[in-house]
Amino acid sequence: MYETKSLNEECGVFGIWGHSQASQVTYFGLHSLQHRGQEGAGIVSNDNGTLKGHRDTGLLSEVFKNPADLEGLTGNAAIGHVRYATAGSADIRNIQPFLYKFHDGQFGLCHNGNLTNAISLRKELEKQGAIFNASSDTEILMHLIRRSHNPSFMGKVKEALSTVKGGFAYLLLTEDRLIAALDPNAFRPLSIGQMQNGAWVISSETCAFEVVGAKWVRDVEPGEVIVIDDEGIHYDTYTDDTQLAICSMEYVYFARPDSTIRGVNVHTARKNMGKRLAQEFKYEADIVVGVPNSSLSAAMGFAEESGLPNEMGLVKNQYTQRTFIQPTQELREQGVRMKLSAVSGVVKDKRVVMIDDSIVRGTTSRRIVQLLREAGAKEVHVAIGSPELKYPCFYGIDIQTRRELISANHSAEEVCDIIGADSLTYLSLDGMIESIGLETDAPNGGLCVAYFDGKYPTPLYDYEEEYLRSLEEQTSFYIEKVK
């Protein structure tokens, strides 16, 4: 349940080239990606080589509540961004796309992900005289491009892309082209589509293609850089040192169920996870209840495999604001009470299997179990459609310390007691990988599963000391616990 769990993706990006109403199409595309970021939004358009932009904090509809703001972004190309801050504060200076106007050119830039060497790069660039306006790590790429001595512009871009490390999907709009680039592991999803009029679109998720009337063409590959201009689309690479490791949490939690990532529909993957979870579940129950909304697909699969009825025992209030961006845990828990209600007529005197996609801090799970018990559930068995979240993410998810993860500090039995459930079952790691089922021979089925096993597919660079320190704190925690 993205709204209350407080586990959040950084943002979503959308770009288009070759459409007379590019900004309006970008607005609709970003609306489909709103679940990926709700702290701010912006669009930069290209009108015959002149770039114009508008950005602000808040939801997309709030940022463009004045029709003139969108109507003023004329031109046949645009890039847009919805933001959730994992690197940098929610200050308006960090809202993207960034718009740069130099003496020799104009550029719009937006980014999804997190750079693992951003701190050291920023220090080095500042030593060389670079001035940063924002605290976001996105700005680093433009400084690297401008400081490159490569004679060609694309040479500068490729050199900069090879310098930054971590998880990133970039969109760069210039006076004569749209450039898209993905990190060497494809941690973040990025797809290419085409509209009937020939316009090319780039999006974090394919669900945006349906809204704007585009047809999926293909996914951007790891280490690839795409250039779109008036002559068409051009595919190139900036590195051959690639290894597919797409974020497994995209399938578990972040992406919309109607999106397809690397050939696998998200709803289908979650349903498969639910089926596998039912096979690994060992308790007697009467009904299956999924936590709205991201766990409904898994609940459907669990019910289908187990033969138990899939009931609507939890109802979500569709007319409250999303709560995951609330700054305090108390407000987040209040958000749970506002957003969810248990249906007494469904769960009373029943042994309930409550399906959720993950447990982060445990506070949301505890509150939902309590709701079900208050509604009269005889037993509440919690079944999670992913393994235990034990390790932080450094590639674009806002969990960067083990202190925040309940499973990093407690055994499954202890977590079960803390959330007040009668039992707690996690999906096995192999079960998750096989349920997603990417057609690849890459390690872990082409997925990044570091959140579950602590084995990161890349060096952590600036985060290495932070990660090792968190492991030391974890060891101290368990020593004290044994004492």
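The legends below describe a predicted model of one protein, first as a whole and then in close-up views.

Residue numbers start from 1 along each chain as its sequence is written. Local features need pLDDT of at least 70, side-chain atom pairs count only at pLDDT 80 or more, and totals for chains, interfaces and linings use all residues, while side-chain values use heavy atoms, with hydrogens and water left out.

**View 1. The whole chain.**
The protein contains 18 helices and 24 strands; these are DSSP runs numbered from the N terminus, helices (H or I) having at least four residues and strands (E) at least two. Of its 483 residues, 59% count as buried, where buried means under 20% relative accessible area, exposed over 50%, and partly exposed in between (1.4 Å probe, protein chains only). The accessible surface comes to about 18800 Å², and carbon and sulfur atoms hold 48% of that area; areas come from the Shrake-Rupley method with a 1.4 Å probe, and for residues only the protein chains shown count as cover. A contact means heavy atoms within 4.5 Å. Among contacts between residues at least 6 apart in sequence, 70% join residues at least 24 apart.

The mean pLDDT of the protein is 91, and 90% of its residues reach 70 or more; pLDDT is the predictor's confidence in each residue, from 0 to 100. Over residues 1-5 the value is below 50, and this stretch has 35 contacts in the model beyond near neighbours in sequence. Residues 322-327 also stay under 50. For residues 322-327 the model has 23 contacts beyond four places in sequence. Where pLDDT is low, the predicted coordinates should not be read in detail.

**View 2. The annotated binding site.**
An unreviewed UniProt entry lists Ser294, Asp356 and Asp357 under "binding site". These residues span 64 residues in sequence, yet no two of their C-alpha atoms are more than 7.9 Å apart, so they gather at one spot. UniProt positions follow the numbering used here, feature names are shortened, and annotations may be inferred rather than shown by experiment. Serine 294 sits in the loop between strand S17 (287-290) and helix H10 (296-306), and is buried at 3% relative accessibility. Aspartate 357 belongs to the loop between strand S21 (351-356) and helix H13 (363-374); its relative accessible area is 3%, so it is buried. The side chains of serine 294 and aspartate 357 are joined by a polar contact of 2.5 Å. A polar contact is a pair of N or O atoms within 3.5 Å; within protein, one must be able to donate a hydrogen and the other to accept it, and residues adjacent in sequence count only if both atoms are side-chain atoms.

**View 3. Helix H13.**
The 12 residues of H13 should span 16 Å at 1.5 Å a residue, and its end C-alpha atoms are 16 Å apart, which agrees. The expected span is 1.5 Å times one less than the number of residues. Buried residues of H13 include Thr363, Arg367, Ile368 and Leu371. Just after H13, glycine 376 takes a positive phi of about 105°.

**View 4. Helix H5 and its cover.**
In helix H5 (residues 139-147), 7 of the 9 residues are buried. Among them are Glu139, Met142 and His143. The cover over the buried residues of H5 includes strand S5 (98-102), strand S6 (105-115), helix H4 (118-127), helix H6 (153-163) and strand S7 (166-173).

**View 5. The annotated active site.**
The "active site" annotation of the unreviewed UniProt entry covers Cys11. Cysteine 11 lies in strand S1 (residues 11-17) and is buried, at 0% relative accessibility. Leaving aside residues up to four places away in sequence, cysteine 11 touches Arg36, His81, Val82, Arg83, Tyr84, His111, Asn112 and Gly113.

Most residues other than glycine have a negative phi, and most peptide bonds are trans. The bond from glutamine 96 to proline 97 is cis, with omega near 5°. Proline 97 is in the loop between strand S4 (77-83) and S5. A cis peptide bond also joins proline 292 and asparagine 293, with omega about 0°; asparagine 293 is in the loop between S17 and H10. Tyrosine 461 has a positive phi, near 50°, and lies in the loop between helix H17 (450-453) and helix H18 (464-482). Its relative accessible area is 39%, so tyrosine 461 is partly exposed.
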